[in-house]
Amino acid sequence: MEYNFSEIEKIAREKWESSNIYKVENNSTKPKYYVLDMFPYPSGAGLHVGHPLGYIFSDIYARYKRMKGFNVLHPMGFDAFGLPAEQYAIQTGQHPEITTKKNIETYIQQLKKIGFSYDWSRQVTTCEPSYYKHTQWIFLQLFNAWYNTKKEQAQPIADLISVFETQGNKGVSAACDDTVLKFSAEEWKSFPPKQQQAILMNYRLAFQKESFVNWCPALGTVLANDEVINGVSERGGHPVEKKKMAQWFLRITAYAERLLKGLESLDWTESIKDMQRNWIGKSIGAMVSFPLKNHQEKIDVFTTRVDTIFGVSFLVIAPEHDLVQQITTPEFKEQVEAYVKMCASKSDIERQAEKVVSGQFTGAYVLHPFTQTEVPVFIADYVLAGYGTGAVMAVPSGDQRDYLFAKKFDLPIIPILDAQQNLEQEADATKEGKYINSDFINGLNYADATALLIQKLEEQNKGYGKINYKMRDAGFSRQRYWGEPFPIYYDKDDIIYTVDEEKLPITLPKVESYKPTGTGESPLATATDWVTQFGKDTRMETDTMPGYAGSSWYFLRYMDPENEHEIVSNEAQAYWQNVDFYVGGSEHAVGHLLYSRFWHKFLKDIGKVNTEEPFQRMVNQGMIQGVSKFVYKYFPDIKISNQTDVFEEFSNLNKLVNNLIISREFIVIENEKLLLKDLSYFERVLTDKYPGFVNYLNLNNHKINIDDIKIRKFHVDINYVKNDILDFERLKAEDINYKDAIFITEEDGNYYCGSEVEKMSKSKWNVVNPDQIIEQYGADVFRMYEMFLGPIDTAKPWDTNGISGVSNFIRKFWRMFFDDFGKQRWIENQASQDELKILHKTIKKINEDIERLAFNTCVSTMMIAVNELSKLKTVSVATLSTLTKLIAPFAPHTAEVLWLKLGNSTSIVDADFPTHDEQYLVESSFNYPIQINGKHRNNIELSLEATNEEIQTIVLADEKIKKFTDGKELKKFIVVKGRIINLVVSE
């Protein structure tokens, strides 16, 4: 029976689907185990071979755990809201839902081909109203909650309102904006509804405030940070500026400490934990108030180095700071406005990365809180309004950025510690030594000075000690169509109302155009009936939620996907608890993973889940990189004298030459530039290709001047390349861009492409479709080869040169069961000792390697086992049955069919995974290497139970050993049991 993978896969899939084998129940006598992949965005390009790496890895582990006796939940779904679908809708007018559903169908077909053990009955899709109904419900809970810092948990906003009505906000321990003013119960009751709403916004976990966005006037839309490059839009290159708009936020900062502490309990890599720690950015310091001269207001600054306060020589506030316009004096108004406009064209990332020192004096001064010295106030691009208070106290002697700023604007640089060095050249941030030029802390060390300063600040009501976090509240508004609508509407006075829960979901309306409105509003604003659905004097919130909304809780929905009334029932959540084994990319460390942890902690606070963390163990798969292929195009700048005399057919010589594409043999790289190896190459090419033209040039004394030779490399579709050789004739026939190309080949007539390992991407033309690999080699070979490429957490290039080895292994494994004529090869008698020794050594190694997630070595271990067993005359059916179970998680289709051929009626999916028996691992003998005077002379198989005297007798009687010992005195005979035998004889 020949190994026909297409037929094998068909038989296996039909059996699995007909028996619904992967459907999982929410109750079982078995222990539960929840294995989850980060669900994909269903792009139009479908899967490439890099995508399934993590899926195959998790599937192997899920199958293994099931065979180990666990009730395994292993679901799949789709993160279906996304910008690509909306951009496609803008271009074609086709509803994003249509393209998204079509893409999902393609993904499911591809995933099923690979043989994943997903329970498809639990599929979730974030753009389905039945799903985002619950996303909207969670948003309402966030909106109607505040965070009690004393109890460290979220509580209903109604409870906070009750506190306000009885005692005001004095003594309230809450995560809130620092700008909140104190008020009494009587004052609260006297506030009009709109003012009460504004105050509560400072406390709600989902809240609205004015914030700067990236506004592109030419496109008439708000852009995400990754859509802005160097101050212009990625699409079209239009100028982008900062614009203040009302935006929704989630108060993730309220959970900063719990997010930090929770990391300690997680089985994640330290690198991912550190990324989250750094993003959260806990720092202990002080809040210091600098009163403005000639103004009632003050500028608050958070600093982690309050000990340097006497070295402050200027203050810097963000160009977007609320006080900029108010404090700028008339003589500096024009310069300040110009600087603010310049900064508005840059993204936050660009501003922070800026190397050139810039800033502008406002004309305003603050008073030093202790010395009352006047301190000038500047604006500068390196200070961001959204981080901290949007202001920094500048200490040039202790901070290099402040030092450079002070040098540029000729500001004082005040030494503050006697241990500071080289202040003529650079800042020194040391905390060592004693303070100088520092008033009442002179002579103190760092610890004592810091404690005294915070004490004085608090006593004089000029500041206080504070723990700060670098993490900002999470933006939650998008001015797009394709996202979850907010369950929020406004009355004519802009009072906010929430949609009743029984009216959820609020679904997306049909709109005439998905294009931006030009006003900054989303396309939803054009759906008049939808906007006024709660009354003619009302208007719906027309922003939509961001992509991370649906992905922040999807793992819970898999537990109870058909529940119409709640996100998950108490019973289902109590059974599945949280994800035991999560697989995904490290690029989501401070996005999805952080938001999911925040949402989960909030849901625990309101009693919807009983676990503090969503993902207990996580593995980050490395990237499968593509091997890009390049062609080299020639861009010379050619000038020909007496152009009018040249033959008409060659009048456009530049166009002719620009079609030359040169093989890699003629290219050299110097100083990161591509150059020709020989400048006369151009002339040789024309002589070879167009001899008549070159002769004409010579006869008429025309001269070709090559002023500037430029060679550029271009990605070429890897489907036209095999072993670096380009099928350029097919490329010219099928790609209009190369229709007129002239390929300059090497001496053998081949065009050789350049190669480079890069991220696998459609834009780089290096994408390998798994369907092609499966069609050629089969799904099980594809699965095993992806694991065989290397450890799961490392990046590795895709290279099909090694896949034939895995294909040969699978076929060799199959031939242990059947010969080429389909006759069974196994025997019914008991396994031999040699079989059992090989088998149980393999079982032990594979169990150990799976537990330590070394799936690549599992594949090589199976290869070794098959090679060793193939050398035996016969192999028992018991040994083959065990081998089939061992390979089942890796090659499930092959294992399923072989299992049935061995006479089993049930699926191998439910078989027990093998465990080794130690008795077969005990060696009775050892093949000892024999060394004489330090040189290896022979190997002798000896019983491990033999005494040293017996060993010596046998070794000295060996003919090969006697050649080196006869006639010589034996000085030493050393036996290292189970390792080596050493003899020392006289020379």
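This is a predicted model: local features need pLDDT of at least 70, side-chain atom pairs count only at pLDDT 80 or more; totals for chains, interfaces and linings use all residues.
Residues are numbered from 1 along each chain as its sequence is written, and side-chain values use heavy atoms, with hydrogens and water left out.

Stay on C343, which is buried at a relative accessible area of 0%, and then move to C176, which counts as partly exposed because its relative accessibility is 28%; buried means under 20% relative accessible area, exposed over 50% and partly exposed in between, with a 1.4 Å probe and protein chains only. By the sulfur rule, the count of disulfides comes to 0.

Next, colour the chain by domain, with bounds that come from an automatic or database domain assignment: among them are domain 2 (153-253 + 474-547), domain 3 (282-469) and domain 5 (778-920). The C-alpha centres of domain 3 and domain 5 are 66 Å apart.

Finally, select residues 488-490, which form strand β18, joined by 3 bridges to the antiparallel β19; strands are DSSP runs of E, at least two residues, numbered from the N terminus, and two of them pair if DSSP finds at least two bridges between them. Y489 has Y497 of β19 as its bridge partner. Widening the selection shows an open, antiparallel sheet of 3 strands in the order β19-β18-β20, where the edge strands β19 (496-498) and β20 (539-540) each pair on one side only.

Note on methods. Helices (H or I, at least four residues) and strands (E, at least two) are DSSP runs, numbered from the N terminus. A disulfide is a pair of cysteine sulfur atoms within 2.5 Å.
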